[in-house]
Amino acid sequence: MQQQFYDSLEARSPAEREAQLMAALPRQVAQARQGTGAFAQILAGVDAQAVTSRAALARLPVTRKSELQARQQAARTNGPPGDVFGGFATQGWGPGMPRVFSSPGPLYEPEGARPDYWRMARALHAAGFRAGDLVHNCFSYHFVPAGSMMETGAQALGCTVFPGGTGQTEQQVQAMAQLRPAGYVGTPSFLKIILEKAAEMGVQLPSLTKAMLSAEALPPSLRDWFAQQGVSALQCYGTADLGLIAYETEAREGLVLDEGVIVEIVRPGTGDPVPEGEVGELVVTTLNPDYPLIRFGTGDLSAVLPGPCPTGRTNTRIRGWMGRADQTTKVRGMFVQPGHIAEVARRFPQVQRARLVVSGEMASDSMLLQVETTETAPGLATQLQEALREVTKLRGEVQMLPPGTLPNDGKVIEDARSYR
């Protein structure tokens, strides 16, 4: 079992798993209420010892990323020094929190001191990574936690990690050719770029046979392309707030839920669980004592798949990422929110309305900021481009339009990409 599964938790009977999760749930609710200022308010009046079932959990409020961001902003303005997490973390600066990260917003995320804090070793094991492998990690090591998430998971497996990060494609190819890593972790789009650059340079990468991909959709056509290059690619799903949520197995039939989270799928805009198989928003309760998020709304859509995984793992499977419950979207591994576009527009009184269109095919997506304005000076477009990059950390083009051009449909972000 230790070779096929990461640990014995993956083979628990569903009844045993549910009983153990529900036994841990009241402790986690109590920890959140007693250890954090935010949940002391959000869960005020809740009897933690009575939250021993999914029905009881479903009666608790959903905390969404927008509230997390609002509380963090308020804490940075009015809270005590060091409370950058809006009262959601139980740890402060020091040995219990060796790192802190920032995602666009900005949102700050703590990393605790426990080995494999983000629980990524389980996903990497399912993708075939083993002790003694060299892992070429092309997730970002700057600001966002993705690089550390994968590095700490790989190290927990006994792997050695090369911190490739993003960019510098030719140097990435050279390092792969010389170090001969067993596998890659990063976004699917960057792996495609690296493999295409290797072919252009005439460099063979025979050691690279497996990949753990995340932060972007992995369409079947791109997975097949990787297979043609000799790379078996699996994916996982996680967030900077929660760590690993679900991971793919060699069966490639949905994603198996991680053993350290309680997942609900609710009707978007509510906290009401939907019937099994119905598409809804993923709401996650983590068992992390350092950052005990209770019913955290991810904003991502998915649905439960019936039946167990063919590999013998007994946890619930979901269909994977199926879009956003709101207009927030992911571009090149980074979240872009309607608030980001509003922030750009607020900086320029000349802009009357703004809309971001994300287009192209996966692995080559692009952003176009459409703005309604009577300003015709060319300098405004350049300033808007700079502001868009500063706020979202991504490059995009700008299109100036006369007032009344954009559709009156309430959309701030339009995802016009092809996922086929």
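Select Val185 and Met212 in this predicted model: Met212, in strand β7, is the bridge partner of Val185. Now widen the selection to residues 183-186, strand β6, and residues 210-213, strand β7. The two strands pair in the parallel sense, over four bridges. Strands of a sheet pair through backbone hydrogen bonds, either parallel or antiparallel.

Next, select helix α7, residues 169-179. Helix α7 packs on the sheet and touches β4 (134-137), β5 and β6. The direction of α7 makes about 180 degrees with that of β4.

Step back to the sheet as a whole. In what order do its strands lie? The order is β5-β4-β6-β7-β8-β9-β10-β15-β14, an open sheet of nine strands with mixed pairing. For the edges, select β5 (160-163) and β14 (304-305), each of which pairs on one side only.

Then move to residues 220-228, helix α9. This helix lies across β7, β8 (232-239) and β9 (243-248). Relative to β8, helix α9 runs at about 135 degrees.

The last stop is strand β11, residues 261-266. Is β11 mostly covered or mostly open? Mostly covered: six of its six residues are buried. In a regular strand the side chains alternate between the two faces of the sheet.

How values were computed: Residues numbered from 1 in each chain as written. Predicted model: local features only at pLDDT ≥ 70, side-chain atom pairs only at ≥ 80, totals over all residues. Heavy atoms only, no water. Buried < 20%, exposed > 50% of the residue type's maximum accessible area, 1.4 Å probe, protein only. Pairing = 2+ DSSP bridges. Contact = heavy atoms within 4.5 Å. Axes fitted to C-alpha atoms, helices over the stretch in contact; angles between N-to-C directions.
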